[in-house]
Amino acid sequence: MKQTTHPPDHRPADVRNGAATAAPPPARRRKRRRPTSTQWAAWGFLAPVTLYLALFYAYPLHRNLDLSLRNYTVRSFVQGNAPFTGLDNYRKVFDDPTFPPALLHTAVFTAVCLVFQYAIGLALAVFFHQHFRLSATLRALFLVPWLLPLIVSASTWSWMLNTDSGVVNAALHAVGIDSVNWLTSPTWSLTSLIIANIWIGVPFNLVVLYSGLQSIPAGLYEAAALDGAGAWRRFWSITFPLLRPVFAITLLLGLVYTLKVFDIIWIMTKGGPADSSTTFATWSYQLGFGNLLPAFGPGAAVGNLLVVAALVFGLVYLRVQRKQALS
């Protein structure tokens with residue numbers, strides 16, 4: 001007999017065995033979920049903040065960057081047709097003879113103010129943390145320099161440091177010391193500004209550091225005292241280490257504030273005499289508004305250097321905080 005051959009069956013085994021599987025049902029389209037009332041409320045609260053940041057931060061930064069990259073005159077500033085010059089304004093700033101002293105004054109002014117503001121603020125915070133009688137009253141009085149308008153504080157210091165009628169020179173005369181030209185001498189002008197700014201900035205450090213001290217458990221001090229640790233030992237082993245997070249944010253905020261100090265310098269010395277107290281903040285203002293022919297581009301470039309400096313220190317702070325969180 002002739003044997004017939006059948007072609008191989010390539011169907012799945014379950015089909016060959018008669019157990020055919022049903023095809024899966026088609027996937028249903030997911031319906032878009034409509035925002036709930038809670039989500040609408042969240043967007044409602046977020047919208048004013050977003051609008052505020054866009055109007056008062058993003059747009060001014062964009063505008064300042066555009067000013068620094070174009071050759072703006074008074075006419076082109078109004079009409080908006082200034083030619084694009086790239087980094088020419090930054091080259092003019094770096095080549096300007098005012099740049100080196102302004103950079104030095106900005107660095108010295110910022111560093112010295114930060115060190116003394118923090119040291120004095122920390123000492124006062126530790127002093128008031130002892131909760132003695134009249135502690136709250138004296139602490140409130142120390143906040144007065146911080147609460148006064150800067151124009152009032154700067155004008156007061158200008159009067160106090162006046163060469164002829166200032167109370168500081170009067171006190172020096174009383175102890176047999178000659179008068180000092182605090183505001184009109186290139187030697188003393190920057191020092192006078194530093195003294196005034198330290199006086200204004202100490203209350204901020206006092207408030208922040210005092211709040212940090214309040215968060216340290218009192219039991220740690222009691223345990224250290226039972227172990228025989230003195231006041232200095234308790235400070236260096238308990239207070240200072242546990243204040244590191246507060247220490248970092250205090251220095252960062254103080255740095256940003258001190259970099260942009262303009263009111264005090266302009267009211268007291270206007271950056272003089274002979275640019276002896278000129279910083280980037282006052283120089284930027286002088287370039288943009290202090291001349292008959294304003295240099296908007298270089299002035300904006302100097303302002304952007306301040307923004308970059310503050311941004312760099314902010315990134316360093318975030319990196320340090322991240323390392324501390326991981327450790």
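Modeller: Contact here means heavy atoms within 4.5 Å. The model is predicted.

Biologist: Which residues does Met268 touch, not counting residues up to four places away in sequence?

Modeller: Apply the contact cut-off of 4.5 Å between heavy atoms. Leave out residues up to four places away in sequence. The partners of Met268 are then Ala154, Trp157, Ser158, Leu161, Leu183, Ser192, Leu193 and Ala196.

Biologist: Which residues have the most contacts inside the largest nonpolar core?

Modeller: In general, nonpolar side chains tend to be buried together in soluble globular proteins. Here the largest nonpolar core has 37 residues. Those with the most contacts inside it are Phe109 and Met268.

Biologist: Is H8 parallel or oblique to H10?

Modeller: The axes of H8 and H10 lie 10 Å apart. Their packing angle is about 135°. Angles over 145 degrees would count as roughly antiparallel, and 65 to 115 as roughly perpendicular. H8 is therefore, relative to H10, oblique.

Biologist: How many charged residues are in the contact of H8 with H10?

Modeller: Leu150, Ser153 and Trp157 of H8 meet Ile195, Ala196, Trp199 and Ile200 of H10. Of the residues in this contact, 6 are nonpolar and 1 is polar. The number of charged residues is none.

Conventions: Residues are numbered from 1 along each chain as its sequence is written. This is a predicted model: local features need pLDDT of at least 70, side-chain atom pairs count only at pLDDT 80 or more; totals for chains, interfaces and linings use all residues. Side-chain values use heavy atoms; hydrogens and water are left out. A nonpolar core is a set of buried Ala, Val, Leu, Ile, Met, Phe, Trp, Tyr and Cys residues joined through side-chain atoms within 4.5 Å. Buried means under 20% relative accessible area, exposed over 50%, partly exposed in between (1.4 Å probe, protein chains only). Axes are lines fitted to C-alpha atoms, for helices over the stretch in contact, and angles run from 0 to 180 degrees between N-to-C directions. Helices (H or I, at least four residues) and strands (E, at least two) are DSSP runs, numbered from the N terminus. Angles under 35 degrees count as roughly parallel, over 145 as roughly antiparallel, 65 to 115 as roughly perpendicular and the rest as oblique. Ala, Val, Leu, Ile, Met, Phe, Trp, Tyr, Cys and Pro count as nonpolar, Asp, Glu, Lys and Arg as charged, and the others, Gly among them, as polar.
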